[in-house]
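Please open the structure in your viewer and keep the selection panel at hand.

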Amino acid sequence: MSKTERTGVVRDINGPIVTVELPGIRHGEQVKIGDLGLFGEVISLNGDRAVVQTYESTDGVRPGEPAQGLGWPLSVELGPGLMGGIFDGVQRPLEKIALQSGDYIRRGIDVAALDRSRQWAFEPNRDLESGQPVGPGTRLGSVQETETVLHQILVPPGIHGELEEIAPAGEYDIESTIARVRAANGHSERLRMYHRWPVRTPRPYLRRDDGIAPLITGQRVIDTFFPQLKGGKGAVPGPFGAGKTVVQQQIARWSNADIVIYVGCGERGNELVDVLETFPELDDPYTGRKLMERTLLVANTSNMPVVAREASVYVGITMAEYYRDMGYDVVMLADSTSRWAEALREVSGRLGQMPVEEGYPAYLASRLAAVYERAGRVQTHGDRSGSVTLIGAVSPPGGDFSEPVTSHTKDIIETFWALSKELADARHYPSIDWVTSFSGHVHTAAQWWHEQVDPSWEERRREALALLARDAELSRIVNLVGPEALSSSQRWDLEAAALIKEGVLQQSALDEIDTFCSPEKQFALLDLALTIYDLGTELVSRGVPVQELQRLPLLSRARRVKSLYKSEQLDEIEAFRAETEQALENLRLEYAKQEEQA
Amino acid sequence: MSIKEYRTAAEARGGLLVMKNTPGVAFGDRVSIEDHTGGIRNGQVIRASEDSVLILVFEGVEDLDLENTWVRFLDAPVEIALSPELLGREFNGLGEPRDGRPPILSSLRRAVGGSAINPAARTYPREFIQTGVSTIDGLNSLVRGQKLPIFTGSGLPHNRLAAQIVRQARLKNEDAAFSIVFAAMGVSYADAKFFRDEFASSGVLRNVVMFVNLADDPPVERLTLPRTALTAAEYLAYDLDRHVLVVMTDMTYYAEALREVATAKGDVPARKGYPGYLYSDLAEIYERCGRIHNRHGSITMMPVVSMPSDDITHPIPDLTGYITEGQIVLSRELDNQGIYPPVHISPSLSRLMKDGIGKDDTREDHPRVAAQLYALYARALETRNLASIIGADELSTHDRRYLTFADAFDRRFVGQAETEDRSIEATLDLAWELMSIFPKDALTRVSEADIGKYYQEEDEAQAAAAAGGPSSGTTTAVQSYGTRRQKKRKSGSGAQPSTV
């Protein structure tokens, strides 16, 4: 990275797109525009003229004002102090900005992402000695960043050599030197606890590995029916009002990842505040500590500058890769990638680029693919295993899944949780549609479930999905000719499918007990519903009328079991199941007796 | 830099004026244009480069003569003068009086463009606003600081509903009325008059600021009108500590004006000819509402968005729905049946409802009752479809209950008089009365405790029905439920009398 600063002149202002005359500037370089010092990034070059997209509103900027090239591309600071933070789309800390500029964001404000004054207790790696060769990923030491997260201080990518010295244990700020490395050319490199990394360049790793363990989100329709792996990539498409944001927030709250990065990209201010206000209150179900200790938020609401929205996804994923390199499982949620794509469209439109589909530029598909491909489970330099799971919300206009962003996304991802307007209208939440959703990870996830929970998981899951498919078909018949046309076993199918829908698939994010469901409870509920179905089918085949079964009070209670017993109360669910089996058995005996008498 | 004046314009088209050789003009600055008759028009710089400047002329470029047009660059952004005197007045989109009274004189002027609220400075809205309309209060509750649009179609009574909400909206247990900022864009003279009369007759006029651009006023002015109105709203809320309700009608005309200008500028169109930045542009407007830490006032927004050809997937309602915290959708079908307000609850939604209702805010059963009503109504609509195919006689007894419920729900819960101000308790009691059409175990979304406390027993119902006289047909059946409820109230333990 060159340190030379170049100066030039503003020539043309067209909204967030500014043309500057700045000889020698590089493509992608950061530029400071005008007397206000607005930040921007070069997106095209033509001779001495460069087109710059600015991250802030350009109101009041005049042609003839100065412009300055900063010598580096859009980068983020990576070091202790990120966790628990709230950043804007270009990694400026929003809470500190609020202290400096009040309730509204003042333009041109320049605040570093990481706190320079804060002291961190650095614990050096005792296995390292002077003279030892080190390279990218070598662990220099660690800092307890929050109670939950131990922040590994690693040699940054691109640095190889011989360790000259390492700082002893003690309190340091992030600017202090904690190690020196002598490169092969004899140059001595000073290492601090933080470094900068350009966001549009993926951070290097040793090799890619296949995903092996599912990401447990505590949401039944996800974990049980359409599982995601750690290191996988998924999408949550849905029209407005279908509950995308709630699904994403539930994953952020309850998933068993080490680190959660939530990128609010072009979304509602009030909803983001909900996250900002509730996350610090919530407990992590795995560690019992506060959720915010392992969470990091990037917030670029819909009214904040559109170019920073485009940058925010890259800023988020770069920080995710940084924690992955420490050997953590990171989940990044982007809400919503459609807003990100629209930012691309807006900029390309201002540049007068030829639109292809619905005004989107031709490079939409390749940009989307490049972002999603940064997810994955990897073996890092320094030989740790870490993963980044990327889950993007998609907001298709009018709920039309054939539009460009949804269809290109569908080609790249492995897990597709399609939200349905019809289910949402009936307040069936999460409104993940079991017909159009898919997961490419069922087989891999099955191995985990069979070892950890129950060996019949895959079979039970298949049975439930088959029943739901039959239900969809039968419902069509009912809508044409009415329920009287169905045989009693078909009516029992409908009844049991309703039990699966209400007792298993539906899960209230607002219900204190039901909001999180452990894998064991998930399986217990699924098994309970299917057991009732199997026993009921047998009864119906022996001639017991379906109405008789419907009248059982246990059946309507079975739909509430999910919110009656907590994840730990598996014994109670088991007892309820035994009780239900008994009740159905009694019904069978009673019926057999009646038949005998007749 | 000082004010500069130029005479020669190079080009005029579609609301835009191009000036050549006018160096040093700032992007976004306000422009004053004198035409050949001496009339003054207003404009704003929307593209500034060294050799040419593009000006958006709010009054349009009709009748401009390029040779004899004086253009003055005022070296200031588009601003509005702010003082408490705003209340009770009527302005155009630039903040100039429309009511024949003198302009506002104040040293406090603010740029109408506004800037983004720092998300870290926002407070989550959670104070329930009682509008007195059951479908909103009970099922899609509005909270202070929320933006909840009304999605409507031509000819539907959205204006009457908006006016009713303006009249009745108040916080529970608090009498303080809202200050109203009313922004009308491209509405007819009759509609503007309706609101003006409505404000006058309900006595809220001294609490209202109106910004009006009629259908025959220059459309370009609509681009700045909502921004001017919101700058006034921000002043009332954050400088004067008032709770402000902003009613904007009709955002569709705003978006159409935006398209008109975008086309003239040669912007690349995205969907249906609307520019790619329609989402960001709408968001700049809608996101100005909310609550801020340590500020007493708040801005609640109720925009009216008409759906062209009743199409909710049209870009304007679609993008609006992605920005606002829900929507209230009006239905032509209900309107045709004479039901007012014709709110179709299935596609309607309030995203901020969950934290504004329940035990401490409205009543403990409220969230579950809302979920239960939604589930029952969804099934009831399916049953209605089925009945229209196979006939109601073919339905099972259980399914016929859904038909009874659907009719009672439409007529009594959705339908209410324009002057009827239902308390939230009355709305919830009515909900329980309708839910009690079903046996207890059909109510799976409410808790057992709720059922114990609010469910109205069947035998009681039969007794009441017998006492209530002969019953034939659905309407009477529903009335008998009504009688039963009253009976329960009289015998009930200290329940509040209903105000229905």
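How many helices and strands does chain A have? Select chain A and colour by secondary structure: chain A has 17 helices and 28 strands, where helices (H or I, at least four residues) and strands (E, at least two) are DSSP runs, numbered from the N terminus. Before going further, note that this is a predicted model, in which local features need pLDDT of at least 70 and side-chain atom pairs count only at pLDDT 80 or more, while totals for chains, interfaces and linings use all residues. Residues are numbered from 1 along each chain as its sequence is written, and chains are lettered from A and ligands numbered from 1 in the order in which they are written.

Stay with chain A, whose C-alpha atoms fill a box of roughly 100 × 55 × 40 Å along the principal axes. Of its 598 residues, 53% count as buried, meaning that 20 or more other C-beta atoms, placed from the backbone, lie within 10 Å of the residue's own.

Next, select chain B and colour domain 1 (4-76), domain 2 (81-355) and domain 3 (366-491) separately; these bounds come from an automatic or database domain assignment. The centres of domain 2 and domain 3 of chain B, taken over C-alpha atoms, are 34 Å apart.

Now look where these two domains meet: 19 residues of domain 2 of chain B are in contact with 21 residues of domain 3 of chain B (C-beta atoms, placed from the backbone, within 7 Å). On the domain 2 side, select helix 1 (134-139), helix 2 (158-168) and strand 24 (343-350) of chain B, the elements that each give two or more residues. Helix 1 of chain B gives the largest share, five residues.

Terms used:
Buried ≥ 20, exposed ≤ 12 C-beta atoms within 10 Å, placed from the backbone.
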